[in-house]
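Subject: Structure for you to look at

Hello,

Here is the structure I said I would pass on.

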Amino acid sequence: MAQPVKVKVSLPMLAAHIDHSLLHPTLTDAQITTGLLLCKQHAVASACVKPCSVPLAAEVLAGSPVKVCAVVGFPHGSSTAATKMAETVEALDAGAAEIDMVVNIGKALGRQWHYVEHEVNAINRIVTTRGAVLKVIFENDYLQHEHIRKLCEICTDLGVGFVKTSTGYGFVRRDNGMYSYEGATTPHLKLMRASAGPGVQIKAAGGVRTLDDVLHVMSLGVTRVGATATEAILEEARARGIGDEEIEVEVRRSDGTDGDGASC
């Protein structure tokens, strides 16, 4: 029998791993404001918002340690490089400190690596020059291991801050005609950690809904997670005895595994 997976964690550490996602297209400004106030209350790493919400997020989060994270080329990555660059500049000017950019997925699938590298490099230069951080979203549900591995290599060479699994909106049509997505899976996270250089951090997004999901991906080397269930995750942590002091806790997977299940 495999040994239980254990993670050292505290409430502040857990919150510092979370990018609270406020990206659903139906969210009103009132709902986004409520989410931003939740981010302030729990001192999460960042509030991840749509480009049109960056000024609001910057206003609500002013004076707090919570960073404003803006998505670019979201969710399909198909904008031109020039459009993504302009979107990045506008978001930074409006107060964003982190940028989550979707790669051009079709170009990656077509192995047009020069195009992908040029685009990521252009965005990363803008972001780092402004003292901000870039996270590059792959949308792993659409990719094979060879594409993920190559994207990690490109991002490592360019000195990108993070590589990220998914948007949470990359639905794939299945054999039964229905659309679904897996998001951050254990095999993909292990592949990304093995393929990206030590200076590149990993963000897991898509399907990270419970405390044990977060603890599990942390055990794989993930340092940031995208989550909509932030409040429930932190409440669960308190119920498990996690407080301000760091303690060691066991990962309990809902699928009955010992913490090394196939998906998150």
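Phe 74 counts as partly exposed, because its relative accessibility is 22%. Please keep in mind that this is a predicted model. Tyr 169 also counts as partly exposed, at 24% relative accessibility. A search of the whole structure turns up one aromatic pair. Phe 74 belongs to the loop between β4 (67-72) and α4 (81-93), while Tyr 169 belongs to the loop between β7 (162-164) and β8 (172-173), so the pair ties together parts that are 95 residues apart in sequence.

Two lysines sit over rings. The charged end of Lys 107 is over the ring of Tyr 115, at 4.8 Å from the ring's centre. Lys 135 lies over the face of Phe 162, and here the distance to the ring centre is 5.8 Å.

Next, the salt bridges. The count comes to 12. One of them joins the side chains of Arg 224 and Glu 98, at 3.0 Å from N to O. Arg 224 is in strand β11 and Glu 98 is in strand β5 (residues 98-102), so this contact ties together parts that are 126 residues apart in sequence. Arg 224 and Glu 98 are both buried.

Lys 135, the residue over Phe 162, also has a salt bridge, to Asp 100, at 3.0 Å from N to O. Since Lys 135 lies in strand β6 (residues 133-137) and Asp 100 in strand β5, the pair ties together parts that are 35 residues apart in sequence. Both Lys 135 and Asp 100 are buried.

Asp 100 has a salt bridge with Lys 203 as well, at 2.8 Å from N to O. Lys 203 is in strand β10 and Asp 100 in strand β5, so the parts tied together here are 103 residues apart in sequence. How buried are these two? Lys 203 has a relative accessible area of 1% and is therefore buried. Asp 100 counts as buried because its relative accessibility is 0%. Through shared partners, salt bridges join Asp 19, Glu 98, Asp 100, Lys 135, Lys 164, Lys 203 and Arg 224 into one network.

Now the largest pocket. It holds about 290 Å³ of space. Its lining is made of 19 residues, and those nearest the centre are Ser 21, Gly 168, Tyr 181, Gly 206 and Thr 228. Strands β2 (18-22), β10 (201-205) and β11 (224-227) each supply at least two residues of this lining. What kinds of residue line the largest pocket? Eight are nonpolar, seven are polar and four are charged.

Last, helix α9 (residues 211-219). Is this helix mostly covered or mostly open? It is mostly covered, with eight of its nine residues buried. The buried ones are Leu 211, Asp 212, Asp 213, Val 214, Leu 215, His 216, Val 217 and Met 218. After α9 comes Gly 221, which has a positive phi, near 100°.

If you want a place to start, find Asp 100 in strand β5 and look from there to Lys 203 in strand β10.

Regards

Methods:
Residues numbered from 1 in each chain as written. Predicted model: local features only at pLDDT ≥ 70, side-chain atom pairs only at ≥ 80, totals over all residues. Heavy atoms only, no water. 1 Å grid on protein atoms, 1.4 Å probe; cavity = no way out; pocket = protein on both sides within 12 Å on 5 of 7 lines; lining within 4 Å. Points joined across faces, edges and corners; volume = space filled by probe spheres on them. Helix = DSSP H or I, 4+ residues; strand = E, 2+ residues; numbered from the N terminus. Nonpolar A, V, L, I, M, F, W, Y, C, P; charged D, E, K, R; others polar. Phe/Tyr/Trp six-rings, centres within 6.5 Å; stacked < 30°, edge-to-face > 60°. Buried < 20%, exposed > 50% of the residue type's maximum accessible area, 1.4 Å probe, protein only. Lys NZ or Arg CZ within 6 Å of the ring centre and 35° of its normal. Salt bridge = Lys/Arg side-chain N within 4 Å of Asp/Glu carboxyl O.
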